[in-house]
Amino acid sequence: MKQQRLRILHLEDDPMDAELVLLTLTSEGIDCEVQVVSRRDEFSAALERGGMDVILADFALPAFDGMTALAMVRQKLPDLPFVFVSGKLGEEAAIESLKSGATDYVLKSRLSRLVPAVQRALTEAQERAKQRQTERDLEVAHAEIEKRAEDYRNLFNSIRDVIVVADHNRTILHVNQPALHDIFGYDSPEVIGKSSRVLYAKDADYDSTGREVFDAKTSVKGKLVELHFRRKSGEAFIGELYAMKRLDRFGNVTGNISIFRDISERKKAEADLRESELRRMQLQLELVYAAEIQAKLLPRVYPRIAGFEVAARCLPAKQVGGDFYDWQQVSPTLFNLTLGDVMGKGMAAAMLMATVRAALHAVTLYNPPAQAVHLAEKSLNEDLENSESFVTLFHAQLDSMARTVSFVDCGHGYIFVRRENGRVETLNPRGLPLGVQGDEVYQEGKVRLGKGDVMVLYSDGLVDAKPELELTHEALAKQLAGKTSAQEMADALIALTGKPDPQPDDITVLVLRAL
């Protein structure tokens, strides 16, 4: 790829020195465009126009000086590389220039250092730009975390049953308002830090729940019990307690959670209905948030790839599913594309999907497809074996400059290339799915995409939705005729299913179209 021409602003009052600097740069292979200025007004106007990549400056000029120029640059463009090129520059002046923000200094008598100094200055500027971008990304991520935490706090406080989070000693750590006040008459500061015994009317009930549920040595299975509780006023009432262990993300017990409900007015007639409703609400709540989180795991914005366009659709068979697609930009011209299908559907498949996606993200950015898949399989083998599941996967890397796709097919097979003339090609080689034991050495394939060619990835849910249509590669390729965009093609393939109810399996389509 041809290197972009370097744009240099040179502050110099001696034309011969300026010519010598330009000759030094070009003789060492630097393709550059140099604008020479010698006065403050010229220098200031050039800064306003912008567009320069590096500034070279003499330290002392008749009507202007390099340190003033450096201060002007650092005020407007703090990351722009600035290198002094001067005939004389004492040690104290050199140190002062570096402290003031100069990137480097080169003596005119030693112009052999000029090109290395410029190259190093550009490299450092790029690193600073990356660091600033990383800091901005972290700020955005922190804001998102804070927003999500606030959403969860609002949700927690909106639930009408009293939810008490306690430690192993059953000391209350968190409790939701206004439910606590509505049912027990307390405000949260009155109970936080105290034993949850304060909420029980009978010591025997408090002790029994400790033995049967909250004992750290017992199993983590939750339990729903009917007990007597006591309000702040001293009034006792009959209620339900759903008691469960509090687990961290690794499944370790960190305390307990109690959900209290007042059933005194309908103790007998509605007990079974309320238990069922509680469980349904809890499950629905988990599924809603699981679906929301899973949807956010999928890419939200299509990548901008010179000479190509990408479109994708994913329809889970349930609120959550095991299919996923993904892409990553590796460099300005390299892009990773992935489509995976975890065996099964629903919550279990969704959990494995998130694990597989995370494992791939950890290795695909810095490894070619075959090596990335090999590393991902090593990290996933134990989880897939324990869950008795497997994953079919197609992982590819697009080189937009060479217009080639390097890929690894891990037992997926639902991929084809439709050439501009309508001819359909199946991609090989093909290996075993992740999680299937064997001495598999994944082989890379490569295909070149010319103008008008389309690569289509899909999951078996597309075929299973309407088995009577016998949707072969050729049959699917015919549906792309006349379609003028990747999105239109993806929508046309999804439309073939008719969105069956119930949907037998997750349906995912990813289309890469060469422009």
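Reader: What makes Val 106 the bridge partner of Val 85, and how do you know that their strands pair?
Author: Val 85 is joined by a bridge to Val 106 in E5. Two strands pair if DSSP finds at least two bridges between them. Strand E4 (residues 82–86) and E5 have 4 bridges, in the parallel sense, so by that rule they pair. Strands here are DSSP runs of E with at least two residues, and helices are runs of H or I with at least four, numbered from the N terminus. This is a predicted model, where local features need pLDDT of at least 70, side-chain atom pairs count only at pLDDT 80 or more, and totals for chains, interfaces and linings use all residues. Residues are numbered from 1 along each chain as its sequence is written, and side-chain values use heavy atoms, leaving out hydrogens and water.

Reader: Which strands stand at the edges of the sheet, and why?
Author: The open sheet has 5 strands in the order E2-E1-E3-E4-E5, with parallel pairing. Strand E2 (32–37) and strand E5 (104–107) each have a single partner strand, so one side of each lacks a neighbour in the sheet, and these two are the edges.

Reader: What makes the space near the other end of the chain a cavity, and what lines it?
Author: A cavity is a set of points, on a 1 Å grid over the protein atoms alone, where a 1.4 Å probe fits but cannot get out; lining residues have an atom within 4 Å of a point. The count comes to 1 cavity of 30 Å³ or more. Among the lining residues of the largest cavity are Phe 324, Trp 327 and His 395.

Notes: On a 1 Å grid over the protein atoms alone, a cavity is a set of points where a 1.4 Å probe fits but cannot get out, and a pocket is an open set with protein on both sides within 12 Å along at least five of seven lines; lining residues have an atom within 4 Å of a point. Grid points are joined across faces, edges and corners, and a volume is the space filled by probe spheres set on the points.
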